[in-house]
Amino acid sequence: MAESFLIKRQPGFATIAVFCFFLLYLPIATLVVYAFNSSASIAGWESFSLRWFESAWNNQKVIEASLRSLQIASVAAVIATASATLAAIATTRTAPYRGLTFKYSMINIPLLVPEIVTAVALLILFSRIKIWTGYSGLGYLIIAHSAFCVPFAYMPIRARLESMDLSLERAAADLYASSFQILRYVTLPLLWPGILAGLMLAFVVSLDDVVITEFVKSAGQDTLPTYMLGQMRRVATPEMNAIATVFLVLSLAIVTIIFFLSYTPRKGKN
Amino acid sequence: MSIRTEKVSERRKKKEIRDRWLLSAPALLLILAAGAGPLVIVVVYSFLAPGSHGDVRWEFSTKAWFDVLFTRDIFDGTVSIADAHFSIFWRSAKLAFATMILCLVLGFPTAYFIATRAPRSRSLWLFLITIPSWTNMLIRTFAIQEVIRAEGIINTILMKLGVTSAPIQMMFTDFAIMLGMTYVFLPLMVLPLYASLEKLDFRLIEAGYDLYASSFGVLWRIIIPLVKPGIIAGSILVFVPALSSYVIPRVLGGGQGLMVGNLIELQFGQGRNWPLGAALSITLVIIILVAMLLYVRNTSRSGGGAHG
């Protein structure tokens with residue numbers, strides 16, 4: 001073990017890596033620590049206090065924006081995951097057929113096109129539709145979020161499908177199960193952790209979006225990130241730190257669950 | 001008999017393919033409606049005339065594309081190259097490139113460090129790298145602001161130590177944008193690098209040392225050529241969002257610190273020139289496509305090909 005470690009060693013790499021981890025966490029740690037500072041200015045530490053959490057909690061705009069964020073993210077995540085699950089079943093473990101590469105590239109389009117361009121495109125499209133139909137509700141944001149969440153939901157589901165053992169499905173087919181029955185009683189239960197991970201990933205991604213939401217939203221439809229973006233241009237009070245801290249804890253909780261859902265203990269040496 | 005079974009299997013195959021199209025239809029329609037489709041609209045809009053209060057007039061015009069490249073002097077009508085657009089595109093490209101290099105310099109050792117841990121602790125280290133990338137990008141930008149602003153921790157520490165008497169201006173500079181982008185996009189570099197490094201056959205490195213290579217020689221002539229696909233993937237994953245970054249320059253950059261993303265937004269907001277904004281968006285997409293093609297082609301041609 002020690003010998004193989006020496007072979008793998010590159011001088012200075014461990015130092016840079018540790019430095020990197022330190023750098024990644026320093027700003028976030030600062031942000032969280034100062035959320036608990038009683039002083040209104042960020043300059044110095046006064047004393048421990050929860051007043052900024054209280055003030056955020058009593059800020060009607062923050063609560064409204066948070067609820068709107070949660071609402072959009074839950075609906076969009078469900079739509080994105082449902083369609084991504086079907087698409088993943090349709091594109092895995094199949095002999096290559098015409099259109100398969102087309103499907104892959106279509107599903108990945110939201111990852112490749114710069115967000116600002118998608119945002120502008122949707123602004124143009126939706127502003128037309130808003131005039132035609134007179135409808136200016138949350139529907140536009142939900143459709144936009146569902147669309148860019150599809151590839152994120154698709155990834156873990158497809159990964160799970162590809163690592164799944166085919167023999168159970170074959171056994172079901174040998175026992176004259178219809179393809180729907182196989183899907184319902186064999187594939188879906190096995191696929192469940194992947195679907196759940198996809199759902200949560202889509203939820204977090206939707207919850208995080210700033211750019212597309214900023215362009216698509218109608219007046220008074222701030223989500224928490226767009227509200228924060230608006231506030232960041234003004235003088236920032238530690239209330240922002242408090243909001244960010246709560247947001248952070250929520251995201252981390254979800255990501256931790258995803259980690260354990262998709263975590264499979266490795267077997268063997270490597 | 002055999003002809004008949006062939007027909008049946010043919011029919012079954014066709015049905016299967018039809019089923020697969022049906023299954024993928026919702027996802028494809030969703031992306032077509034709100035991802036790929038609107039891009040066509042952007043192209044169309046770039047060939048229309050601007051309306052007086054934003055939006056467009058429906059008449060064919062190439063003025064927006066002319067304006068991307070040239071400006072006409074309002075007094076004497078002389079045509080010159082649109083310096084403002086060029087300098088913003090050039091600046092964005094430089095910042096995105098610098099960010100990519102910085103991410104590579106920091107990310108490669110980090111990915112290597114993770115890949116050489118014991119298999120059991122690797123997923124933990126990997127998790128530590130990904131945690132920040134799952135916290136909101138805006139929050140991370142805000143966190144960087146906390147560190148570098150005038151009353152931020154760097155300045156506070158420096159002043160308490162007596163290194164400087166007045167806070168150093170770091171906010172609203174190109175340095176701030178670059179720092180913010182490196183911070184936000186670093187995990188995008190580490191993950192593909194790790195994926196390549198994890199598959200690295202360390203027996204080759206052992207062989208390198210047996211043949212008296214220095215550790216730098218091993219790094220330069222064995223490890224880097226072998227993980228080239230990961231380097232390419234990571235560089236693209238960082239360069240593309242950095243080039244088209246919108247939130248980070250808006251928050252950390254000053255009034256002069258525009259990047260392409262902000263320039264595009266400006267045309268749809270105060271500028272009220274939607275066709276120009278559309279043309280600039282298409283220009284950005286084209287630049288990204290060309291950069292990706294050039295990069296992938298160049299790096300795949302210059303050696304390392306023998307290892308696939």
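Residues are described here as buried when their relative accessible area is under 20%, as exposed when it is over 50%, and as partly exposed in between, with a 1.4 Å probe and protein chains only. The structure is a predicted model, in which local features need pLDDT of at least 70 and side-chain atom pairs count only at pLDDT 80 or more, while totals for chains, interfaces and linings use all residues. Residues are numbered from 1 along each chain as its sequence is written, chains are lettered from A and ligands numbered from 1 in the order in which they are written, and side-chain values use heavy atoms, with hydrogens and water left out.

The interface between the two chains was examined by contact, defined as heavy atoms within 4.5 Å. By this criterion, 84 residues of chain B are in contact with 91 residues of chain A. The size of an interface is often given as the accessible area lost when the parts come together. Buried area is accordingly the accessible area (1.4 Å probe) that two parts lose on being put together, summed over both. For chain B and chain A this area is about 8,000 Å², and carbon and sulfur atoms give 77% of it. Of the area that chain B buries against chain A, 9% is supplied by B:Arg20, B:Trp134 and B:Phe142, more than by any other three residues.

A salt bridge is taken as a side-chain nitrogen of Lys or Arg within 4 Å of a carboxyl oxygen of Asp or Glu. One salt bridge is found across the interface of chain B and chain A. The side chains of A:Glu214 and B:Arg250 meet in a salt bridge, at 3.7 Å from N to O. Helix H1 of chain B (residues 2–45) contributes 20 residues to the side of chain B that touches chain A, the largest share. Helices (H or I, at least four residues) and strands (E, at least two) are DSSP runs, numbered from the N terminus. By class, the side of chain B that touches chain A has 60 nonpolar, 13 polar and eleven charged residues. In this classification Ala, Val, Leu, Ile, Met, Phe, Trp, Tyr, Cys and Pro count as nonpolar, Asp, Glu, Lys and Arg as charged, and the others, Gly among them, as polar.

Over all chains, ten salt bridges are found in the whole structure. One of them joins the side chains of A:Arg158 and A:Glu162, at 3.2 Å from N to O. These residues are separated by about one helical turn, because A:Arg158 and A:Glu162 are four residues apart in helix H7 (residues 139–163) of chain A. A:Arg158 is partly exposed at 25% relative accessibility, and A:Glu162 is partly exposed with a relative accessible area of 45%. In chain B, the side chains of B:Arg149 and B:Glu146 meet in a salt bridge at 3.2 Å, N to O. B:Arg149 is buried at 12% relative accessibility, and B:Glu146 is buried with a relative accessible area of 1%. A salt bridge at 2.9 Å, N to O, also links the side chains of B:Asp201 and B:Arg203. Here B:Asp201 is partly exposed, with a relative accessible area of 29%, whereas B:Arg203 is exposed at 61%.

Two further buried positions were considered. A:Ser206 lies in helix H9 (residues 179–208) of chain A and is buried, with a relative accessible area of 3%. Not counting residues up to four places away in sequence, A:Ser206 touches A:Ile72, A:Ala73, A:Ala76, A:His145, A:Phe148 and A:Cys149. B:Gly257 is placed in the loop between helix H11 (247–252) and helix H12 (260–268) of chain B, and is buried, with a relative accessible area of 7%. B:Gly257 and B:Thr173 are 84 residues apart in sequence and 6.7 Å apart in space, C-alpha to C-alpha.

Backbone geometry was examined last. Most residues other than glycine have a negative phi. A:Tyr176, although not a glycine, has a positive phi of about 65°; A:Tyr176 is located in the loop between helix H8 (167–174) and H9 of chain A and is exposed, with a relative accessible area of 75%. B:Tyr212 likewise has a positive phi of about 65° and is not a glycine. B:Tyr212 lies in the loop between helix H8 (202–210) and helix H9 (215–226) of chain B, and is exposed at 77% relative accessibility.
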